[in-house]
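Hi everyone, thanks for coming.

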Amino acid sequence: MKEYTRKHKYRRLNEMQYITIGAFLTAAVLGICMIIFVLSKDTASTFSSSGNFALSSLPSDIEGIDLNQYPAELEELLSRNPETLDFVKSYPDRASLRTQSIDLSKDITLGQPPLFLQWDTRWGWNYYGNDFIAIAGCGPACLSMAYVYLTGDNEMNPRKMSEWAYNMGYYSSSGTKWSLWTEGVNILGLSGYELSLNESSMKKQLDRGGLIICSMSPGDFTTTGHIILIRGYDENGFYVNDPNSIKRSGMQWSYSTLQKQIKGMWGISK
């Protein structure tokens, strides 16, 4: 009889353990479900309809735009750069904007390279290869800035420069070919040459009245690749014309910050 009682006691203990473990697991599952529910509510608005990039940084006055009717690359452009809001809003008018006349007279300041934004509605909807200039035209936009400044020819705006660069074979699906900054620049009647990546060579290039083109790796200016123009310097750092950002173009940049992000660098002179 004692033998039976002992076994029965152990069986009751095992049953109680199973019940306890079951209750614990049930509570854990319910807790996890609650956490997932709360997080999903908090993060549902931070993803685009395509789920590829965050939209939490979209401007507050995005109301009135049905992003489902816009290409994904424009949604991404806006999420990364709120400055482009007015440009993105003009998407329905893109066909007429592509053919508008362009007057650069108000963009020109004597003695200073102009800042041409690739997403300017005057040319941003025109194509550079398979992409809008607003998306992929940083190279032609920078070359247009340099060309207008060094030659005084205001006709070579970013739209015309993009057409020229594409027709001359300097466009590729991965971006503007680096040969544009030497061979292409020379064809345009200017002098283009590779610069060694050091602060001294940059300052010498700018001191003699030239400009600098930089191909940038991911960092402060881009998440993929980008072209910027360096137009001057003083004791506080270098002045940059970023064709994708008014804000970054209004900042000064130390050599140490730029040096870590520059993949290639070229001088452009008369």
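What is the volume of the largest pocket? It comes to about 900 Å³. A pocket here is an open set of points on a 1 Å grid over the protein atoms alone, where a 1.4 Å probe fits, with protein on both sides within 12 Å along at least five of seven lines; lining residues have an atom within 4 Å of a point. The volume is the space filled by probe spheres set on the points, which are joined across faces, edges and corners.

A word on the source: this is a predicted model, where local features need pLDDT of at least 70 and side-chain atom pairs count only at pLDDT 80 or more, while totals for chains, interfaces and linings use all residues. Residues are numbered from 1 along each chain as its sequence is written, and side-chain values use heavy atoms, with hydrogens and water left out.

Of its 32 lining residues, Ile-135, Thr-222, Thr-224, Gly-225 and His-226 are the closest to the centre. Helix 2 (72-80) gives the largest share of the lining, 4 residues. Other elements that supply at least two residues each include helix 5 (133-136) and strand 7 (226-234). Helices and strands are DSSP runs, H or I of at least four residues and E of at least two, numbered from the N terminus.

Now the whole protein. It has 11 helices and 10 strands. Of its 270 residues, 43% count as buried, meaning under 20% relative accessible area with a 1.4 Å probe, protein chains only; exposed means over 50%, and partly exposed is in between.

Which residues have the most contacts inside the largest nonpolar core? They are Leu-143, Trp-164, Trp-181, Ile-213 and Ile-268, in a core of 31 residues. Such a core is a set of buried Ala, Val, Leu, Ile, Met, Phe, Trp, Tyr and Cys residues joined through side-chain atoms within 4.5 Å. Helix 6 (138-151) provides the largest share of this core, 8 residues. Take Ile-213: leaving aside neighbours within four places in sequence, its contacts (heavy atoms within 4.5 Å) include Cys-142, Trp-181 and Ile-268.

Last stop: Asn-167, in helix 7 (residues 158-167). Is Asn-167 buried or exposed? Asn-167 is exposed, because its relative accessible area is 63%. Asn-167 and Tyr-128 are 39 residues apart in sequence, with their C-alpha atoms 9.9 Å apart in space.
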